[in-house]
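Please look through the sequence and the model below before reading on. The notes that come after them are meant to be read alongside the 3D view.

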Amino acid sequence: ACSDVSPGPAPDSALTAADASAMAGILVAQSFAGGNEGTASQWAANPLLAAAVVDVENQLELTLPCPLGGSVHSNRTLSGTMDPETGALDMQFGLVQTHQACVVQPPDSELHFTLDGAPNLTGAYSLSLDGVGGYEAGGTLAGAISWTEGDRAGTCQVSLEFSGVGQAQGAFSLTLTGQVCATTISHEVSVTP
């Protein structure tokens, strides 16, 4: 029996473990980009803050472009302290991100994901800098995202935890665990120059 009905996009299971892992890396990177955008500008703009530890608390709504089209809309809350003289800081970020036809390509890949919020991703993370190049970061990212890649499409639940330590000009390590699209993610990355 023949049919003119198209089978439609492949189900979520068409997203391989490698694809899900690549998507996880992109989502965490976008979370950091949305959280850090404009963070330092408020201190640079006010020279009266340059000689004392500053308590920071603000809320920001912004839209960042995606590398190959579309955007990520972010509502960010930020609190913590910064010592502009030493460069030490201790920040906590809250973030709600909604992808809007955001087209991205994972590094060293031919894939092109188009991402849309389903409805969004919610993140919370902390970032501490010691003022001499060392840092610690950690947090979570959860929610759902719709994706297309070629003739494949689906909606994924996201539940990730990440933590990292390193030096601005030296060794770096990152742990990323959780699930994306029902695929268990567990990565440990260490880089020593």
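This is a predicted model: local features need pLDDT of at least 70, side-chain atom pairs count only at pLDDT 80 or more; totals for chains, interfaces and linings use all residues.

Residues are numbered from 1 along each chain as its sequence is written, and side-chain values use heavy atoms, with hydrogens and water left out.

**Aromatic pairs**

- Rings of Phe, Tyr and Trp (its six-membered ring) pair if their centres lie within 6.5 Å, with planes under 30 degrees apart counted as stacked, over 60 as edge-to-face and the rest as tilted; by this rule there are three aromatic pairs.
- Phe93 and Tyr125 make a stacked pair, at 4.8 Å centre to centre and with 20° between the planes.
- Phe93 lies in strand β3 (residues 88–100) and Tyr125 in strand β5, so this pair ties together parts that are 32 residues apart in sequence; strands here are DSSP runs (E, at least two residues), numbered from the N terminus.
- Phe93 is buried at 4% relative accessible area, where buried means under 20%, with a 1.4 Å probe and protein chains only.
- Tyr125 is buried as well, at 4% relative accessibility.
- Phe113 and Trp147 form an edge-to-face pair, 6.4 Å centre to centre with 85° between the planes.
- That pair links Phe113 in strand β5 with Trp147 in strand β6 (residues 134–149), 34 residues apart, and both residues are buried.
- Phe93, Tyr125 and Phe162 form one aromatic cluster.

**A loop residue**

- Ser109 sits in the loop between β4 (102–104) and β5 (113–130), and Ser109 is buried, with a relative accessible area of 19%.
- A polar atom of the Ser109 side chain lies 3.0 Å from the backbone nitrogen of Leu111.

Methods: Helices (H or I, at least four residues) and strands (E, at least two) are DSSP runs, numbered from the N terminus. Buried means under 20% relative accessible area, exposed over 50%, partly exposed in between (1.4 Å probe, protein chains only). A polar contact is a pair of N or O atoms within 3.5 Å; within protein, one must be able to donate a hydrogen and the other to accept it, and residues adjacent in sequence count only if both atoms are side-chain atoms.
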